[in-house]
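Let us walk through a protein chain step by step. Keep the 3D view open as you read.

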Amino acid sequence: MVVSSAPGKVYLFGEHAVVYGEPAVPCAIERRARVTAEARDDGRIRVHAEDLSLNGFTVEYSDETDAPDVDASESLVEAGISYIDAAVEQAREAAGEPDAGFDITVESEIPLGAGLGSSAAVTAAGIDAGTRELGVELTAEEVAERAYQAELEVQDGEASRADTFCSATGGAVRVEGDDCRSIEAPDLPFVIGFDGGAGDTGKLVAGVRALREEYDFAADTVGNIGDIVRSGEEALAEGNVEELGKLMNFNHGLLEALGVSSRSLDQMVWAARDAGALGAKLTGAGGGGCIVALDPTDATETALGYTPGCEDAFRAELDTDGVRVEEA
Ligand code: PMV
């Protein structure tokens with residue numbers, strides 16, 4: 001039996017613009033998905049999941065034609081299962097054991113579909129645990145590549161490398177097209193606010209694409225987000241956290257202009273700023289889900305706790321560890 005874990009992430013800068021070739025800077029956070037893999041002799045896959053923002057479920061199946069019989073929203077279960085399936089497939093391929101069976105248990109501290117990279121974390125941890133259980137050790141970069149391939153498959157070819165690379169390697173990373181690298185970052189005092197909901201990434205990305213085609217201002221806005229990311233990289237290199245906060249505020253304003261914020265996200269962003277956060281912005285696709293603020297004090301977390309529309313607020317420091325073995 002092997003247990004591996006991988007972190008979730010926030011976008012410090014650059015979501016949406018990264019789709020059009022601008023750079024983005026996601027950062028891993030100390031909220032993890034843990035996947036346990038135990039080989040079975042009969043070639044079947046049994047999945048047990050807990051804490052995925054859905055009531056735990058257990059599914060046993062031998063191939064994709066078996067319909068899981070569970071009491072949870074079908075689309076969430078399907079989404080969860082397809083990432084696990086794709087991770088198992090990658091692990092089998094990496095180990096050269098196409099018929100390997102597994103008991104898989106997933107425990108995650110990362111809300112689903114809320115902009116914190118839950119699927120990338122589950123996929124990376126699943127690939128790591130599955131391959132190690134079969135006696136093969138992959139580097140973080142190899143896990144990142146396989147996790148990206150798994151996401152591409154599940155998301156019909158629509159995935160950037162940002163989430164999977166960040167989750168596999170940890171820390172702050174810079175992603176521009178296929179070019180992914182780790183970058184230096186100071187300690188970042190992240191505070192996260194979660195509205196309990198989720199955005200539809202595909203729809204939100206399509207909305208920005210349409211706006212960008214119709215209006216020059218929207219195309220310029222995407223380019224301006226790229227400029228903010230480049231300034232943000234300098235601030236990160238200098239360890240200038242005040243400047244990072246300011247740039248996050250600009251980035252949120254531009255995402256708002258592109259129509260991907262929401263009332264609850266804006267309310268949480270303003271509550272954080274009013275509480276004295278150095279900066280705050282939505283993270284991920286938007287439409288609902290999470291905001292990220294920078295605040296070394298407790299003020300933002302406390303204020304978010306009283307903010308209408310905020311269901312959960314928590315601190316999550318930058319996690320310098322990517323995918324790692326917890327038990328073997
Ligand atoms: O909400 P998330 O964590 O899936 O992030 C989506 C980020 C986008 O830039 C909007 C899309 C992408 O694939 O990069």
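The text below goes from the whole chain to its domains, then to its strands and its core.

This is a predicted model: local features need pLDDT of at least 70, side-chain atom pairs count only at pLDDT 80 or more, and totals for chains, interfaces and linings use all residues. Residues are numbered from 1 along each chain as its sequence is written, and side-chain values use heavy atoms, with hydrogens and water left out.

Begin with the whole chain. It has 9 helices and 12 strands. Both are DSSP runs, numbered from the N terminus: helices are H or I with at least four residues, strands are E with at least two. The radius of gyration, taken over C-alpha atoms, is 19 Å, close to the 20 Å that the globule rule gives for 328 residues, so the chain is as compact as a globular protein of that length. That rule is 2.2 Å times the number of residues to the power 0.38. The C-alpha atoms fill a box of roughly 55 × 40 × 40 Å along the principal axes.

How much of the chain is buried? Of its 328 residues, 54% count as buried, meaning under 20% relative accessible area with a 1.4 Å probe, protein chains only.

An automatic or database domain assignment sets the bounds: domain 1 covers 2-183 and domain 2 covers 190-315. Their centres, taken over C-alpha atoms, are 24 Å apart. Across the boundary, 25 residues of domain 1 are in contact with 36 residues of domain 2. Contact means heavy atoms within 4.5 Å.

Strands pair if DSSP finds at least two bridges between them. Strand S1 (residues 2-13) runs antiparallel to strand S2 (residues 25-40), with 11 bridges. Here Phe13 has Val25 in S2 as its bridge partner. S2 is also joined to strand S5 (residues 101-108), again antiparallel, by 8 bridges. Ala33 stands opposite Ser108 in S5.

Finally, turn to the core. In soluble globular proteins, nonpolar side chains tend to be buried together. A nonpolar core is a set of buried Ala, Val, Leu, Ile, Met, Phe, Trp, Tyr and Cys residues joined through side-chain atoms within 4.5 Å. The largest one has 92 residues. Leu12, Phe13, Cys27, Ile104, Phe190 and Ile192 touch the most other members. This core draws at least three residues from each of domain 1 and domain 2.

Which residues does Phe13 touch? Leaving out residues up to four places away in sequence, they include Ala24, Val25, Ile228, Leu244 and Lys281.

Terms used. Buried < 20%, exposed > 50% of the residue type's maximum accessible area, 1.4 Å probe, protein only.
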